[in-house]
Amino acid sequence: MLGTFQQSHLRIEVEASQTSIQEALLSPDQLRQWMAPQSLSQGLPEWLQLGTVFTSWTGPIAIQHQVNEVQSNSLRLLLDQGIDGFHQWQWGDGWVQSSLEGVSPLPLNLGQTFSLWKLKQFLTHR
């Protein structure tokens, strides 16, 4: 994989319950809503579960995600292609934390910040 090793850990406060955050992160239908302009592959189950594999695209750049761990308050995705690493989500009532590590030519912190902002907007206005 070409690129540089990067890591970013961000935590934000959101006006949402743990259940609402869980649904926004584990339901592919909800993921599609707040992750735009990124797109997700079709044919996903109703809820992300251990072993689920899907691809997201930001323009022409594809990132493969494999659900490595899923619980009521956390999600861990192994990443491949555009990012070679992992993305760990953790949440509770009123907060979301995102930890992203990997090798990529993409500016991971910028993308992660934008994703958290989009998630916060989605949770605030739903």
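Reply: Gln 30, Gln 33 and Trp 34 of helix 2 meet Ser 115, Lys 118, Leu 119 and Phe 122 of helix 3, where contact means heavy atoms within 4.5 Å. The model is predicted, so local features need pLDDT of at least 70 and side-chain atom pairs count only at pLDDT 80 or more, while totals for chains, interfaces and linings use all residues. Residues are numbered from 1 along each chain as its sequence is written, and side-chain values use heavy atoms, with hydrogens and water left out. Helices (H or I, at least four residues) and strands (E, at least two) are DSSP runs, numbered from the N terminus.

The geometry of this pair comes next. The axes of helix 2 and helix 3 come within 9 Å and cross at roughly 110 degrees, which means that helix 2 is roughly perpendicular to helix 3. Axes are lines fitted to C-alpha atoms, for helices over the stretch in contact, and angles run from 0 to 180 degrees between N-to-C directions. Angles under 35 degrees count as roughly parallel, over 145 as roughly antiparallel, 65 to 115 as roughly perpendicular and the rest as oblique. The crossing of helix 2 and helix 3 is right-handed; a crossing is right-handed if the near helix is turned clockwise from the far one by less than a right angle, and left-handed if anticlockwise.

When residues up to four places away in sequence are not counted, Phe 122 touches Ala 24, Gln 30, Gln 33 and Trp 34. Ala 24 lies 98 residues from Phe 122 along the chain, yet their C-alpha atoms are separated by 8.5 Å.

In helix 1, Ser 20, Ile 21, Ala 24 and Leu 25 meet Leu 119, Phe 122 and Leu 123 of helix 3. These two helices pack at an angle of about 125 degrees, with their axes 11 Å apart, so helix 1 is oblique to helix 3. Helix 1 passes helix 3 in a right-handed crossing.

Helix 1 also meets helix 2. Glu 23, Ala 24, Leu 25 and Leu 26 of helix 1 are in contact with Pro 28, Gln 30, Leu 31 and Trp 34 of helix 2. The axes of helix 1 and helix 2 come within 5 Å and cross at roughly 85 degrees, so helix 1 is roughly perpendicular to helix 2. Within helix 1, the buried residues are Ile 21, Ala 24, Leu 25 and Leu 26. They pack against helix 2, helix 3, strand 4 (61-71), strand 5, strand 6 and strand 7.

It remains to consider helix 3 as a whole. Helix 3 covers residues 108-124, 17 residues in total, and reaches 24 Å from its first C-alpha to its last, close to the 24 Å expected at 1.5 Å a residue; the expected span is 1.5 Å times one less than the number of residues. Its buried residues are Leu 108, Gln 112, Leu 116, Leu 119, Phe 122 and Leu 123. Seen down the axis of helix 3, these buried residues fall within an arc of 125 degrees, so they line one face of the helix; the arc is that of the directions from the helix axis to the C-beta atoms. An α-helix has 3.6 residues a turn, so residues three or four places apart point the same way. The partners of the buried residues of helix 3 are strand 1 (4-13), helix 1 (18-26), helix 2 (28-35), strand 6 (84-92) and strand 7 (95-104).

Val 14 is found in the loop between strand 1 and helix 1 and is buried, with a relative accessible area of 7%. Apart from neighbours within four places in sequence, Val 14 is in contact with Ile 21, Gly 94, Trp 95, Val 96, Lys 120 and Leu 123.

Finally, the loop between helix 2 and strand 2 (39-40) holds Pro 37. A cis peptide bond joins Ala 36 and Pro 37, with omega about 15 degrees.

Terms used
Buried < 20%, exposed > 50% of the residue type's maximum accessible area, 1.4 Å probe, protein only.
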